[in-house]
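Please find below a colleague's note on the model under review. It is arranged as numbered points, to be read alongside the sequence and the coordinates.

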Amino acid sequence: MTNFVRRAVGLLVATAALAAMPASAPAATWTAPATISSNALVGFDLAMGADGTAALAFVDDTGVRVAVRRPGSSWSAAQRVSDGRYGVSGVAVAVDGRGDVVTGWVQNGRARGQSGPIIGPLTIRSAIRHGAAWGAPRQVGTTGHFLDASLDAAANARGDAILSWTGVQRLSANRHVEALQSSFRAAGGHFGGTQTVREAEVPRGVSGPVVALDALGTATVAWTHEPGPVVRISARTRGPHGSWLAPRDAGATPSSNPQIVVTSERTSIVSWHAAGSDSEGDGLQSGALEVRQRTSDGRLGTTQRISESRTRTYRLAAAPSGETLLAYAGAEAPDLGLRIATRPPGGQFAPPTPIDAIRPDGFNGGAAYLGDGTALFAWGSDGRVGVISRAPGTGFGGTPEIDTPGLYPLIAASGTRGVVAYAMAAGSRVRLLALARR
């Protein structure tokens, strides 16, 4: 799942007076909000496995914590999975089809509680929950970034998992460069060593890697590559001893900020902005929205332009049937509302359908599918969190299933179940809450 590291501290403080419970009751299929943490930092990640197990990972003053919700049960107490001795950041989580929870994070070399600058080594760590027990944290790699390593995690139904991040490649004893790196875990095992996606040229920079894993264990990763910028894509051959294939350009220059999803027919779909990052570094690029497909046999399809206008938020989700949804919002008038484009199995995206009344803020929210093909979309806007749904063969309804005060929602779904996690302001920290769709 993609990790959302939020920077809107001012917005958190401004919304501190919001009530914790929904102003209007959610639909009967959603539980009341459960408080997962009252003292979390802003970044958190949410995932759900094929068996319906959900996991919410976050950082607080003690380290990395993860709460787990088994099918038909309530959320467990959030358990600390890092060793607690050092500063941590950039948490990511995935759940495989066996219900194993895989989490990763960035760890620095400064003891927790000590003042002063962040120091190295900056390492990528992981812990795995098998059954009811968490294993000891292990180092799986290194990075040159504490806050911007862009760690991402993915898992599949049979139990494979992968972590990807912006890492450090050693070229010689005194020369190191940024590189896209990963670590793979075969079902039931531990993560192996670090693998680097090799580039023909020495990269100036690698940012925002996102990874997807298909049903047979083939991973596909996309990232923004400098110089350019240009969105690049690479696939990893299957198994614990697999290797990354030569990278290829997915977009044209300039392109940036990819999103990725893999379908049930094992087609990887990548979307991106046809623009470079803006000077603020917050991802609000100005440019058209484009998408490209990579089939399971390695063929890259033609680039499809979804939106000519400036776009802001965009999120991908894939249904068990192979249908894919791309939801996005405009960056400025007159295209401010939500747009939904869908792709039938094996096909191309149809022209988008407008939902003008929904105007997501920033990069909040996301999309997910239930097992029967029901699509869910969650968004944040003006200090509130909403969720709309669309049954197969119909359009999205105008009445939200959820409408509650909150910030930065994430959504995950599988089978008949879905979960939404979001934040509420709590001084300089946040209160994390979650609702479940039964």
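This is a predicted model: local features need pLDDT of at least 70, side-chain atom pairs count only at pLDDT 80 or more; totals for chains, interfaces and linings use all residues.

1. Cis peptide bond at Pro 121. Gly 120 and Pro 121 are joined by a cis peptide bond, with omega of about 0°. Pro 121 belongs to the loop that runs between β6 (101–111) and β7 (123–130). As background to this point, most peptide bonds are trans, and most residues other than glycine have a negative phi.

2. Cis peptide bond at Pro 254. A cis peptide bond is also found between Thr 253 and Pro 254, where omega is about -5°. Pro 254 is placed in the loop between β17 (248–249) and β18 (256–262).

3. Positive phi at Arg 266. Although Arg 266 is not a glycine, its phi is positive, at about 70°. This residue sits in the loop that separates β18 from β19 (268–273).

4. Positive phi at Tyr 408. Tyr 408, a residue other than glycine, has a positive phi near 55°. Its location is within strand β30, which covers residues 407–414. Is the residue buried or exposed? Tyr 408 counts as buried because its relative accessible area is 3%, against a cut-off of under 20%.

5. The open sheet. Which strands form the open sheet, and in what order? Four strands take part, in the order β14-β15-β16-β17, and their pairing is antiparallel.

6. The β15 and β16 pair. Within that order, strand β15 (residues 219–226) pairs with strand β16 (residues 230–236) in the antiparallel sense, over seven bridges. Thr 224 has Val 231 of β16 as its bridge partner.

7. Where is Thr 53 placed? Thr 53 lies in the loop between β1 (34–48) and β2 (54–60). The residue counts as buried because its relative accessibility is 0%, which falls under the 20% cut-off. With residues up to four places away in sequence left out, Thr 53 touches Ala 47, Met 48, Val 68, Arg 69, Arg 70, Pro 71, Val 95 and Gly 99.

Terms used
Residues are numbered from 1 along each chain as its sequence is written. Side-chain values use heavy atoms; hydrogens and water are left out. Helices (H or I, at least four residues) and strands (E, at least two) are DSSP runs, numbered from the N terminus. Buried means under 20% relative accessible area, exposed over 50%, partly exposed in between (1.4 Å probe, protein chains only). Two strands pair if DSSP finds at least two bridges between them. Contact means heavy atoms within 4.5 Å.
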